[in-house]
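Here is a short briefing for a reader who is new to this structure. Keep the sequence and the model in view while going through the points.

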Amino acid sequence: MIRSQATYSRLAGLGLAVLFVMGLAACGGPPKWVQKGSGAFNEKDSKAFYGVGAVSGVRNAPLAWETAENRGRAEIAKTFETYTGYLMRDYAASTTAGDFTRNTEEQNVERAQKTITTATLSGVRKIDQYMDPKTNTYYVLTKLSLEDMKNNLEQAKELNAQVRDFVRKNADKMFERLEKEEEKRGVQ
């Protein structure tokens, strides 16, 4: 009798331990950023742009991680510049023949949408990743701090000024060459 009570206690303890571990696993779930998604957020005195990229159905894990990271970067880029073209065509007709007791109705609705994002962003970093084993979905969280974004804008302004100066200098040189060629030919 003592042996059966000890065995019962061990089995009960083992069962409770299994239930406890299963309960912890069930509480885990995806990180909050997976459900929060992409956007601009103010987190602990740090303003930043976040992108959540995801891919499912890819068996090659390195390829899946890379794809999810690139999609996260694209989510950040969409925050800054996106062009959307939208076209909707709607056709409806009602035809009545002869004595107006018979008619035919028809309709056709078509929709086309194209979205394009192009941006060069420096400083976007992967900061977290998660793989959902139930759906085989890979998630990557990317981040671009507001400070990095400001630096990018300043560099772009400087680059634009450099391009402008380059064009001006070369335009002056081209006019000088033109004047020399005209002098050679005697054009006044």
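F41 is partly exposed, because its relative accessible area is 22%, and buried would need under 20%. This is a predicted model.

**Aromatic pairs**

- The structure holds 3 aromatic pairs.
- F41 and Y50 make one of them, a tilted pair. Their centres are 6.0 Å apart, with 40 degrees between the planes.
- Y50 counts as buried because its relative accessible area is 11%.
- W65 and Y138 form an edge-to-face pair. Here the distance is 4.8 Å centre to centre, and the planes stand at 85 degrees.
- The W65 and Y138 pair links distant parts of the chain. W65 sits in helix α3 and Y138 in strand β6 (residues 137–145), 73 residues apart.
- W65 has a relative accessible area of 22%, so it is partly exposed.
- Y138 has 7% relative accessibility, so it counts as buried.

- An open sheet is built from 4 strands in the order β1-β2-β6-β5. The pairing is antiparallel.
- Which strands stand at the edges? They are β1 (39–43) and β5. Each has a single partner strand, so one side of each has no neighbour in the sheet.
- From one strand to the next, the twist averages 30 degrees.
- Strands β2 and β6 pair over 9 bridges, in the antiparallel sense.
- Y50 stands opposite K143, a residue of β6.
- Strands of a sheet pair through backbone hydrogen bonds.

- Helix α3 lies across β2, β5 and β6. The helix runs at about 135 degrees to β2.
- The loop between β2 (46–56) and α3 (61–80) contains G57.
- Is G57 buried or exposed? G57 counts as exposed, because its relative accessibility is 63%.
- G57 and N136 are 79 residues apart along the chain. Their C-alpha atoms are separated by 6.5 Å.

**Salt bridges**

- How many salt bridges does the structure hold? There are 4 salt bridges.
- R73 and E69 form one, at 2.9 Å from N to O. Both residues lie in helix α3, 4 residues apart, which is about one turn of the helix.
- R73 counts as partly exposed, because its relative accessibility is 30%.
- E110 and R89 form another, with the closest N and O atoms 3.1 Å apart. E110 belongs to strand β4 (residues 102–116) and R89 to strand β3 (residues 83–97). The pair links distant parts of the chain, 21 residues apart.
- E110 is partly exposed, because its relative accessibility is 34%.
- D148 and R125 also form a salt bridge, with the closest N and O atoms 2.9 Å apart. D148 lies in helix α4 (residues 146–185) and R125 in strand β5 (residues 125–132), so this pair ties together parts that are 23 residues apart in sequence.
- R125 has a relative accessible area of 47%, so it counts as partly exposed.

Notes: Residues numbered from 1 in each chain as written. Predicted model: local features only at pLDDT ≥ 70, side-chain atom pairs only at ≥ 80, totals over all residues. Heavy atoms only, no water. Helix = DSSP H or I, 4+ residues; strand = E, 2+ residues; numbered from the N terminus. Buried < 20%, exposed > 50% of the residue type's maximum accessible area, 1.4 Å probe, protein only. Phe/Tyr/Trp six-rings, centres within 6.5 Å; stacked < 30°, edge-to-face > 60°. Salt bridge = Lys/Arg side-chain N within 4 Å of Asp/Glu carboxyl O. Pairing = 2+ DSSP bridges. Axes fitted to C-alpha atoms, helices over the stretch in contact; angles between N-to-C directions. Contact = heavy atoms within 4.5 Å.
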